[in-house]
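Try each task first, then follow the solution step by step.

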Amino acid sequence: MSKALKKFYVFLVFVFMYAPIVVLMAYSFNDSRSSSAIWRGFTFDWYIKMLSDSQMMKALQTTLVIALSSSLIATIIGTLAAIGINNMKKRTKNAIMNITYVPVLSPDIVTGISLMLLFVFLRVPLGRYSLLLAHITFNIPYVIISVLPKLNQLNKNMYEAALDLGASPSYAYRKIIIPEIMPGIVTGFLLALTLSIDDFVVSFFTSGAGASNLSIYIYSAVSKKYNPSINALSTIMFVVIFLLLVLINSRSKEKTKKNVNY
């Protein structure tokens, strides 16, 4: 396969992935309330109306609070779990990892119904707390999977050397192990954050009245009447996440260069 053909193939893949997002961003500036693909002029009205939509802003607030809280808690639990799994014997480690992969490979609808039945059985009211617990639950395996490769790459002698030099186990983990696996922790956090914001099926089954996140709100709004303000909100969220990823990647590259120079 020639280089030109490879480049063309890669170009087609990126067009297939990003063309819908580009269209959505373009039509967030379209001066038309209809969902038909007819351009009627450039406008910022949908961005202004988005800010005045109280239900949309409430759904956005719920989404951000749940996503940030669940991602942070899942990152802490997942990182500690990954450290524990990494210190296990090979057979036990393989068994635990097989169990960890089950929620990742299971369909979302199975996870959502299972969690809903569990909450009903435990008499946990369906609302914000059940939604938060559900998001923490399905985020933890992704954090473990993100952190474990960094632990496997880590030189095991570093921790033992720190103990030999007089460091306590907690100090050695905080000052040596955690900084070394931080890229994996950040990756796990961002992955959990993205999955939490994006999730619909699990949220649909585990949220109660008054605890709808953005995905549930968009589903309800689109099924009733098309609202172009959704395009505006989606555009802002995409741009913010994109800039965040660019910033994190640039900082990671700078850190890598500094380590190479040292």
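**Exercise 1. Find the residues that join H4 to H6, then describe how these helices pack.**

Solution. Start with the contact list: on the H4 side, Lys93, Met97, Thr100, Tyr101, Pro103 and Val104 meet Pro141, Tyr142, Ile144, Ile145, Leu148 and Asn152 of H6. Sorted by class, this contact holds nine nonpolar, two polar and one charged residues. Keep in mind that the model is a predicted one.

Next comes the geometry. Two packed helices are described by the angle between their axes and the distance between the axes. Helix H4 spans residues 90-105 and helix H6 residues 128-153; their axes come within 9 Å and cross at roughly 140 degrees. Roughly antiparallel would need an angle over 145 degrees, so H4 and H6 are oblique to each other. Finally, the handedness: H4 and H6 make a left-handed crossing.

**Exercise 2. Repeat the analysis for H3 and H8: at what angle do their axes cross, and with which hand?**

Solution. First, locate the helices: H3 covers residues 54-86 and H8 covers residues 169-198. Their axes come within 8 Å, with a crossing angle of roughly 140 degrees. H3 and H8 are therefore oblique to each other. As for the hand, the crossing of H3 with H8 is right-handed.

Then look at who makes the contact. H3 contributes residues including Thr63, Ile66, Leu72 and Ile83, while H8 contributes residues including Tyr173, Ile181, Phe189 and Ile197. By class, the contact of H3 with H8 has 13 nonpolar and six polar residues, and no charged ones.

**Exercise 3. Classify the ring pair of Phe29 and Phe42, and say which parts of the chain the pair ties together.**

Solution. Begin with the total: the count of aromatic pairs is ten. For Phe29 and Phe42, the ring centres are 5.1 Å apart and the planes lie at 5 degrees, so this pair is stacked. Both Phe29 and Phe42 sit in the loop between helix H1 (3-27) and helix H2 (45-52), so the pair ties together parts 13 residues apart in sequence. Phe42 is exposed, at a relative accessible area of 54%.

Now compare another pair. Phe200 and Phe204 are 5.6 Å apart centre to centre, with 35 degrees between the planes, and this pair is tilted. Phe200 is partly exposed at 26% relative accessible area, and Phe204 is also partly exposed, at 43%.

To finish, widen the view: ring pairs link Phe29 and Phe42 with Phe44 and Tyr47 in a cluster.

**Exercise 4. Decide whether Thr235 is buried or exposed, and list what Thr235 touches.**

Solution. Leaving aside residues up to four places away in sequence, Thr235 touches Leu24, Met25, Ser28 and Tyr47. Tyr47 is also one of the rings in the cluster from Exercise 3.

**Exercise 5. Where does Leu126 lie, and how far is Leu126 from Asn86 in space?**

Solution. Leu126 is in the loop between helix H5 (108-121) and H6. Its relative accessible area is 34%, so Leu126 is partly exposed. From C-alpha to C-alpha, Leu126 and Asn86 are 35 Å apart, with a separation of 40 residues in sequence. Beyond residues up to four places away in sequence, Leu126 touches Met116, Phe119, Phe205, Thr206, Ser207 and Gly208.

Note on methods
Residues numbered from 1 in each chain as written. Predicted model: local features only at pLDDT ≥ 70, side-chain atom pairs only at ≥ 80, totals over all residues. Heavy atoms only, no water. Axes fitted to C-alpha atoms, helices over the stretch in contact; angles between N-to-C directions. Helix = DSSP H or I, 4+ residues; strand = E, 2+ residues; numbered from the N terminus. Parallel < 35°, antiparallel > 145°, perpendicular 65-115°, else oblique. Left-handed = near helix turned anticlockwise from the far one by under 90°. Contact = heavy atoms within 4.5 Å. Nonpolar A, V, L, I, M, F, W, Y, C, P; charged D, E, K, R; others polar. Phe/Tyr/Trp six-rings, centres within 6.5 Å; stacked < 30°, edge-to-face > 60°. Buried < 20%, exposed > 50% of the residue type's maximum accessible area, 1.4 Å probe, protein only.
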